[in-house]
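Please consult the sequence and the structure shown here while reading.

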Amino acid sequence: MSWMRLFSAAIVIAALLYKIREKSMAEPPMPELDPDPWWGPGEREKGDDSVRNFKIAISNQDLDDLKTRLAMPLRLTPPLENANFTYGMNQNTLKDIVQHWRFKYDWRKREALLNYYPHFMTKIEGLDIHFMRGNAETKGAKDIKVLPLLLIHGWPGSFVEFYDIMPLLTTPQEDSNVVFEVICPSIPGYGFSQGSAKQGLSHLETAQIFLKLMKRLGYDQFYLQGGDWGSIIATSMATMYPENVLGIHLNMFVANSIGPNLKLLLGAFLPSGIVVSYEDQEKLYPLKEKLGMFARETGYLHLQATKPDTIGAALNQNPVSLAAYIMEKFSSWTHKDNYKEVDGGLLHKHFPIDIDKILDNICIYWFTGSITTSMRYYAENFSPKSMANNLDSNPCHVPSAMSAFPHDLLNQPKNFVAHKFYDIVSYSDQLVGGHFAAMERPKLLARDFHQFVNTVEARDNETS
């Protein structure tokens, strides 16, 4: 193809994308949510706006039950020769993990660590919503501004993801003029947050619940940070309630509209630099290879979006099954090549997440019996009603930042996400890290977030 033809094609593409962007400027109406629904069981009850102290305190009976189930003989199928994690959780590795869980992992010690930060409960729209709080500490530092932050987890994570990053957010950091009062809620149906008794609670309804939570705690304006479902919930909040959101910072992000989807296809055929920059090629291409990897890693999504209660019944019955299902995600989502390792990298001394921290997360799912309700969240978000009420074509106007970790499931270039986020303050390509950034690389994530907030605050000061 001659340079003249390439140049002509680029002009046509630019014009087409401009038209797409121009069309998107006519913003569609926001979905209309019931401002006061009841997600609890049965009929609406009298409202209770109290915020109650909560402590993680698993009973001896539940702990003994877990130990009894873990002590049962394992019924495992020997792995195929040299398969490693190609077929999922390697059964030999699972044996080692169960042995560690039984004889080295100490729940009572871990429970004490999990109670280091204060926990609370409050009822919103008929559901008991759990949240953990990290109080800001200025430590006598001058000219430090305290700002509220809503920090949102995803699946198969929980509030457990944030223990290592919490002190990096609540205490003064080098080259930062801010610290954060951190509110870390559990998504409804996850961990200690009550699951909905009724159909229809998606990320949009969760966004409304979390806004009510922040307002109840006295925060009319706040920052947002999230990955996985946390990214989607945060994006919905920033899109629907821009007057309440000071800024949004995401790890794992996607703009799902005609503009970026067209760019994805065109970029696969045109030379790099026309639609997708040289630096961003590896995020998206070779397209066949990337789609193959995405298909390999998202089988769970189809299952959970269609029949969550079926797999939930199996996982909620047996802690070994639950560990196999969740541990495999921590393997494959922290590094794209971990499936080639005999232990999926999980037991390697250089694995970025301590095995006990992953078991903490699994124990939260086990003791609360929340694996089924957590997976129902997929079915609700992929239901026809939810898909029809999505916010893909509604732009987000609040200051935004993206932190792209190379081994995450999905990263889009800046010029893709710009179709959704109209005020991108920063876009950072990290050198290492995957899906569970707050657990794997807390310093990188915290530093990027501090830089973003400092930039936004300085910009606001200049214009005020």
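## The sheet

Strand β8 (residues 400-404) runs parallel to β9, with which it pairs over 5 bridges, where two strands pair if DSSP finds at least two bridges between them; within this pairing, S403 is placed opposite S428 of β9. Helices (H or I, at least four residues) and strands (E, at least two) are DSSP runs, numbered from the N terminus. The model is a predicted one, in which local features need pLDDT of at least 70 and side-chain atom pairs count only at pLDDT 80 or more, while totals for chains, interfaces and linings use all residues. Residues are numbered from 1 along each chain as its sequence is written, and side-chain values use heavy atoms, with hydrogens and water left out.

The open sheet is built from 9 strands in the order β1-β2-β3-β5-β4-β6-β7-β8-β9, with mixed pairing. Its edges are β1 and β9 (424-429), each of which has a single partner strand, so one side of each lacks a neighbour in the sheet. From one strand to the next, the twist averages 25 degrees.

## Helices against the sheet and each other

Helix α6 lies across β1, β2 (119-124), β3 (127-134), β4 (145-152), β5 (178-185) and β6 (222-227), and runs at about 115 degrees to β2; axes are lines fitted to C-alpha atoms, for helices over the stretch in contact, and angles run from 0 to 180 degrees between N-to-C directions.

The axes of helix α4 (residues 107-114) and helix α14 (residues 355-368) come within 11 Å and cross at roughly 90 degrees, which makes α4 roughly perpendicular to α14 (a class covering 65 to 115 degrees). Through contacts (heavy atoms within 4.5 Å), W107, R110 and L114 of α4 meet D356, K357, D360, C363, I364 and F367 of α14.

## Salt bridges

Counting a side-chain nitrogen of Lys or Arg within 4 Å of a carboxyl oxygen of Asp or Glu as a salt bridge, the model has 18 salt bridges. One of them joins R216 to D49, with the closest N and O atoms 3.0 Å apart; this pair links distant parts of the chain, R216 being in helix α6 (residues 203-216) and D49 in the loop between α1 (3-24) and β1 (51-54), 167 residues apart. R216 is partly exposed at 28% relative accessible area, whereas D49 is exposed at 57% (buried means under 20%, exposed over 50% and partly exposed in between, with a 1.4 Å probe and protein chains only).

A salt bridge between D280 and K283 has an N to O distance of 2.7 Å, and both D280 and K283 are buried.

Technical notes:
Angles under 35 degrees count as roughly parallel, over 145 as roughly antiparallel, 65 to 115 as roughly perpendicular and the rest as oblique.
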